Amino acid sequence: MRVGVIDYGAGNLQSVLNTLEATGVQGYLVSTPADLEGLTHLILPGVGTFGDCASKLRAQGLDASICRWISADRPFLGICVGYQVLFEQGEEDPDVPGLGVFKGSVVRFRVDNLKVPHMGWNDVQLSDLTDKIWSGMGAHPFFYFVHSYYPQPIDAELIAATCTYGVPFAAAVRRGNLIATQFHPEKSQKLGVQLLKNFVTLF
């Protein structure tokens, strides 16, 4: 097993690597398409803006490689902005297209008297309690969030978990061997470690 963690100049790289290590797995940084050789799993962490992430992935030639990886249904985990950038466009940077893996857009919270960003612990409602990616977490696990924007998938069947912060939003999507989350597993302590453990062992 070789788990790659994409390095586009931002993201909680060390935190992700440390959380992987807590599962007994070593992570390998990926900054070029050639670095994907020999990997079994791929993680795209996210910190920063939608446009910055998408632009840097394109500049490094990783955008097409990520899309091919996902198209081949190889194990993939997207985190926060690494989840958002899988969609077609984002209000944060409307002139920069996303990777377009999923149809839909990323929008800003627009609820009066709501503090933005959404920051801190919140519970999520799982769409399928039998999905083994959630094994060992209970029906309403709490995860750590830091975000001002959230994806709105066109295909509601992709939604694997929802969270409510002023409005309900898609906290995670699932398709095949892909899981992408708005919350940060690497900041979510025990349940975050469990999620990464499930990711690297189930696929």
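I began with Trp134, which touches (heavy atoms within 4.5 Å) Leu126, Asp128, Ala160, Ala161, Ala172, Ile179, Phe183, Leu195 and Asn198, residues up to four places away in sequence not being counted. I note that this is a predicted model, where local features need pLDDT of at least 70, side-chain atom pairs count only at pLDDT 80 or more, and totals for chains, interfaces and linings use all residues. Residues are numbered from 1 along each chain as its sequence is written, and side-chain values use heavy atoms, with hydrogens and water left out.

Next I traced the open sheet: eight strands (DSSP E runs of at least two residues) in the order β2-β1-β3-β4-β13-β12-β11-β8, with mixed pairing. Strands count as paired if DSSP finds at least two bridges between them. The edge strands, β2 (27–30) and β8 (125–126), each pair on one side only. I found β1 (residues 3–6) and β3 (residues 41–44) running parallel, joined by three bridges; Val3 stands opposite His41 in β3.

Last, I examined helix α5 (residues 189–202), which packs with helix α1 (residues 13–22) at an angle of about 75 degrees, the axes being 9 Å apart. α1 is therefore roughly perpendicular (65 to 115 degrees) to α5. Thr19, Leu20 and Ala22 in α1 meet Gly192, Val193, Leu196 and Val200 in α5.

Key. Axes are lines fitted to C-alpha atoms, for helices over the stretch in contact, and angles run from 0 to 180 degrees between N-to-C directions. Helices (H or I, at least four residues) and strands (E, at least two) are DSSP runs, numbered from the N terminus. Angles under 35 degrees count as roughly parallel, over 145 as roughly antiparallel, 65 to 115 as roughly perpendicular and the rest as oblique.
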